[in-house]
Amino acid sequence: MTAKYVGQPVKRNEDPRLLTGQALFVDDVHLPDMLHAAFLRSDYAHARILSIDTTAAKEMPGVVAVYTAEDLGDFWQPSPMIVQPPPTLEDIVFNPRPQIPLAKDMVRHIGDPVAVVIAESRYIAEDAAEQIWVDYEPLEVVTDIEKALEPDSPLVYEDLGTNLASHVRQEKGNYAAAAKKADLIIKRRMVIDRGAAAAMENRGIVVDWDAKTQHMTMWNTTQAPIPIRNGLAATLGLSEHQVRVIAPFVGGGFGPKIMLLQPEEVLLPWAAMRLCRPIKWIEDRRENFLGTTQERGQIHAVEAAFSKDGKILGLKDIFLHDTGAYNPYGLTIPLNTQTHSMGVYDVPNFYTEFKVVFTNKMIVTPVRGAGRPQGIFLVERMMDLAAKELGIDPVEIRRRNLIPADAFPVHHSIIGQDFIEAIYDSGNFQPLVEKARLLIGYDKFVTEEQPKLRAAGKHIGIGLAPFVESTGVGPYEGARITVESSGKVNLVTGVGTQGQSHFTSFAQIAAEQLGVAVQDVEVTTGDTDQFHWGTGTFASRGAVVAGNAIFAAAKRVRAKILAKASEVLDAPEEELELKDGAIRIADIPEKSISLGELAMLANPLRGAVEPGTEPGLEATEYFGPKYGTTASGVAAMIVEVDPDTMLIDIKKFVIAHDCGTVINPMVVDGQIHGGVSMGIGHSFYEQLIYDENGQLLNASFMDYLVPRSTDMPPSIEIAHQETKSPLNPMGSKGVGEAGAIPIPAVLAQALENALNIDGLELLEMPLSPGRLFELAQAAKNRD
Amino acid sequence: MENLIEITVTVNGTEYHRTVEPRMLLSDFLRHELNLTGTHVGCEHGVCGSCTILFDGDPVRSCLMFAVQANGHTLETVEGLGTPDAMHPLQNAFREKHALQCGFCTPGFLMSLKPFLEQNPNPSRDEIREALSGNLCRCTGYENMVDAVALAAEEMRNG
Ligand code: FES
Ligand code: FES
């Protein structure tokens with residue numbers, strides 16, 4: 001058999017370029033005659049625009065154009081909704097308010113774009129933006145999602161007469177009936193606030209319209225180049241083949257870069273066509289805080305029903321979800337919250353209802369985790385509260401409620417973000433819990449170490465929280481694989497890459513099938529001229545959906561290779577072996593042909609090709625899963641708190657994880673590390689703080705604290721379990737968001753345990769030293 | 001428009017003469033005037049460290065300096081550290097330990113770490129963490145970077 005690459009920690013093909021400064025990022029694109037754009041963004045969270053005076057800006061030397069909504073004429077159209085609500089959801093309210101290119105007569109959040117300046121340099125463009133005079137009539141602002149639904153609240157959309165963007169109710173079983181039989185009912189309010197994705201690379205675009213060839217090229221820091229190409233073509237009245245969108249190396253995505261047809265993306269191509277010069281726009285960090293989408297704001301009223309032996313009989317959750325000033329991403333996040341609120345547990349009855357609320361804040365769309373951390377937080381907190389009430393060990397109560405290994409697939413009768421019923425395809429939770437418990441040393445810590453440390457005056461605690469992650473959702477992705485006459489393999493797929501190691505993991509899948517070295521598979525991702533079918537990199541789906549398309553294409557190319565080689569070498573296919581870039585007859589090694597030579601024979605310059613055959617050694621395949629596959633894991637940590645400063649020190653962190661077939665364990669571990677660090681940030685250091693006027697108070701890295709190396713635990717120990725997904729031939733599941741999902745739940749649990757204050761319940765996220773201090777004081781004063 | 005200033009700067013051993021506006025940031029100068037785009041810009045306010053370069057051998061944030069301040073000085077950027085075929089031990093160690101994902105922050109880390117390892121050939125893991133803490137990375141969670149620096153230190157000690 002050929003070399004085994006899937007499952008190996010193969011070093012990354014993309015690294016040498018990235019490490020030496022040779023990788024192309026959007027801001028590295030330099031075109032002759034290029035202009036630069038800067039946006040004027042609203043300083044008010046809610047105001048009527050009375051007038052805009054661009055005269056002074058236009059007169060500045062070096063300014064080429066200044067556009068406001070009025071200048072756009074008929075081109076001014078709301079962007080299409082990116083995600084519609086699932087048609088399968090019945091009796092719902094949904095009021096779509098998509099993004100618009102530039103605010104026309106109303107601004108609805110700080111950072112709402114009002115005008116754009118195009119100039120010879122970015123410096124001039126930014127100066128000129130400051131010379132645009134906008135006469136605003138400030139209006140009352142609503143930032144609080146509870147107040148937003150009160151009858152006298154200011155309205156983000158007057159014409160709607162309400163701030164209600166959506167209302168959805170779903171139920172599995174019958175919660176009310178279950179609650180009647182319960183020995184214990186727990187009710188709590190839980191609050192989760194916003195955090196930023198904060199990719200190190202801000203958003204950016206370079207767009208070039210070539211009037212002579214009538215062709216547009218756009219470099220974009222996007223997670224979704226193909227939908228952007230299609231959307232742009234439609235918006236600009238061009239054919240899809242006149243537009244090429246390239247997502248080159250992208251410096252981190254984490255969700256917001258999936259957004260498409262955003263104001264900048266729509267306006268700059270339009271301007272480039274009018275001015276017939278290339279235009280570059282690179283967002284700065286402040287703009288990224290104000291003008292890039294965010295996530296997490298929700299308020300939950302949770303109720304859980306337990307029997308006295310700790311079995312959960314039912315769960316009820318009614319929550320508000322903050323969508324900000326527009327809702328282009330539909331219901332993805334709150335639906336994810338609904339489908340993840342049962343976690344790893346057998347919850348027979350679940351009533352879940354949400355209202356999505358408009359506020360005068362930046363738009364909310366998925367950020368790594370995308371509604372899942374909230375769902376996991378609430379069910380895990382309920383488990384902890386029940387454990388305390390019933391006097392059951394926190395790990396034990398979880399064990400008693402786990403979905404057993406023989407119960408899969410588990411149908412939840414709750415519609416999810418991919419428009420179909422949430423189903424857990426596979427999993428094996430019990431051994432994952434045991435692995436995490438052993439790795440963290442749970443029993444020894446609780447019985448021996450903690451009492452000693454407590455006696456010595458230390459505030460140190462432990463937490464353990466399982467989670468699920470629905471990943472690898474449809475609709476589909478595709479890939480084309482070609483053996484070139486050099487013997488190298490070309491692999492192209494539509495999904496773009498933002499650091500997930502696609503150039504390596506994808507190459508591993510193809511290399512294994514084709515018997516070549518991983519370095520000899522040249523991968524191209526995210527260039528619509530190379531491959532124009534697909535949707536994008538989101539919902540932890542690249543390795544699953546594109547990965548299986550690549551697997552299928554590689555298998556077909558392999559079949560073509562064997563057929564052609566069998567003809568050329570005059571040997572039956574079963575006797576052939578693909579190895580080291582050549583095909584040989586297994587027991588006569590000298591009788592062989594290199595892949596490159598075979599590729600040439602398969603694509604002759606003269607002579608006849610058999611009718612019905614295709615030239616070359618190439619195949620294109622697609623893969624679309626029936627539904628998303630469920631990855632799972634259990635995180636555990638030991639944390640010490642300094643009761644005076646409330647600074648925390650995560651002493652030990654472990655995670656047992658199951659993402660089915662692992663393509664590259666080094667890469668999977670890396671994804672988990674990164675997710676954990678973002679989870680720690682979003683749980684303790686990071687919070688987007690809006691004041692009552694809708695001003696974002698911490699729009700810089702000085703005030704918004706992304707975790708540093710010293711904020712992380714000394715190590716993250718990871719154990720893998722491979723429960724293969726039955727939904728795809730490789731058996732793989734996604735991992736991109738895993739690390740971030742359990743952290744709020746496990747940190748809250750560990751901190752409560754560490755502080756050990758009667759009545760202290762941590763039911764909100766993110767925390768911070770200051771907030772933890774307040775909550776601890778309040779609990780002490782209550783005694 | 002404004003007065004332009006002539007400057008001479010040596011970057012990665014090459015001397016450049018350019019005329020620049022006094023307000024041009026050193027990071028923009030390197031990236032957009034000299035086309036040395038390996039130096040990245042993540043915040044332009046001195047926190048993320050993506051733009052770190054060596055200024056007469058010391059790590060500085062090029063987004064916090066003007067190009068004119070570099071007049072007569074010697075700079076080193078990631079392009080001077082190694083090439084894909086002949087990487088610096090730090091670069092090799094970063095690849096070996098998977099210490100980069102999107103790679104956007106990486107040049108800044110490498111340029112902060114080079115002088116650190118020269119001054120601390122045998123750092124402890126805590127010292128490495130401390131040295132890394134001046135730069136931000138959103139992808140890796142830093143642990144693999146700690147491993148990579150330890151490995152690079154070892155490789156460099158063994159020559
Ligand atoms: S870009 Fe210079 S420190 Fe962030
Ligand atoms: S590797 Fe992406 S920010 Fe560090």
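Let's start with a group of rings: Phe25(A), Phe249(A), Phe503(A) and Phe104(B) are linked into a cluster by ring pairs. Keep in mind as you look around that this is a predicted model.

Tyr157(A) comes from the loop between strand E7 (133-138) and strand E8 (164-172) of chain A, while Phe358(A) belongs to strand E16 (residues 350-358) of chain A, so the pair ties together parts that are 201 residues apart in sequence. Both Tyr157(A) and Phe358(A) are buried.

Now turn to where the two chains meet. The contact draws on 60 residues from chain A and 49 residues from chain B. Between them, chain A and chain B bury about 4500 Å², with 57% of that on carbon and sulfur atoms. On the chain A side, Leu19(A), Tyr123(A) and Met200(A) lose the most area to chain B, and together they make up 18% of what that side buries. Charged groups take part as well, with a count of 6 salt bridges between chain A and chain B. Among them is the one that Arg138(B) forms with Glu686(A), where the closest N and O atoms are 2.6 Å apart.

H9(A) is mostly covered, as 16 of its 19 residues are buried. Just after H9(A) comes Gly391(A), which takes a positive phi of about 65 degrees.

That brings us to the backbone. Most residues other than glycine have a negative phi, and most peptide bonds are trans. With that in mind, chain B is worth a look. Asn12(B) has a positive phi, near 50 degrees, and is not a glycine. Asn12(B) lies in the loop between strand E1 (5-11) and strand E2 (14-20) of chain B, and is partly exposed, with a relative accessible area of 26%. Tyr142(B) likewise has a positive phi, about 75 degrees, without being a glycine. Tyr142(B) is found in the loop between helix H4 (125-132) and helix H5 (143-157) of chain B, but this residue is buried, with a relative accessible area of 0%.

One runs from Phe408(A) to Pro409(A), with omega near -5 degrees; Pro409(A) lies in the loop between helix H10 (394-401) and strand E17 (410-415) of chain A. The other runs from Met765(A) to Pro766(A), again with omega near -5 degrees. You will find Pro766(A) in the loop between strand E30 (764-765) and helix H18 (769-782) of chain A.

Definitions and conventions. Residues numbered from 1 in each chain as written. Chains lettered and ligands numbered in written order. Predicted model: local features only at pLDDT ≥ 70, side-chain atom pairs only at ≥ 80, totals over all residues. Heavy atoms only, no water. Helix = DSSP H or I, 4+ residues; strand = E, 2+ residues; numbered from the N terminus. Buried < 20%, exposed > 50% of the residue type's maximum accessible area, 1.4 Å probe, protein only. Phe/Tyr/Trp six-rings, centres within 6.5 Å; stacked < 30°, edge-to-face > 60°. Contact = heavy atoms within 4.5 Å. Buried area = accessible area lost by both parts, 1.4 Å probe. Salt bridge = Lys/Arg side-chain N within 4 Å of Asp/Glu carboxyl O.
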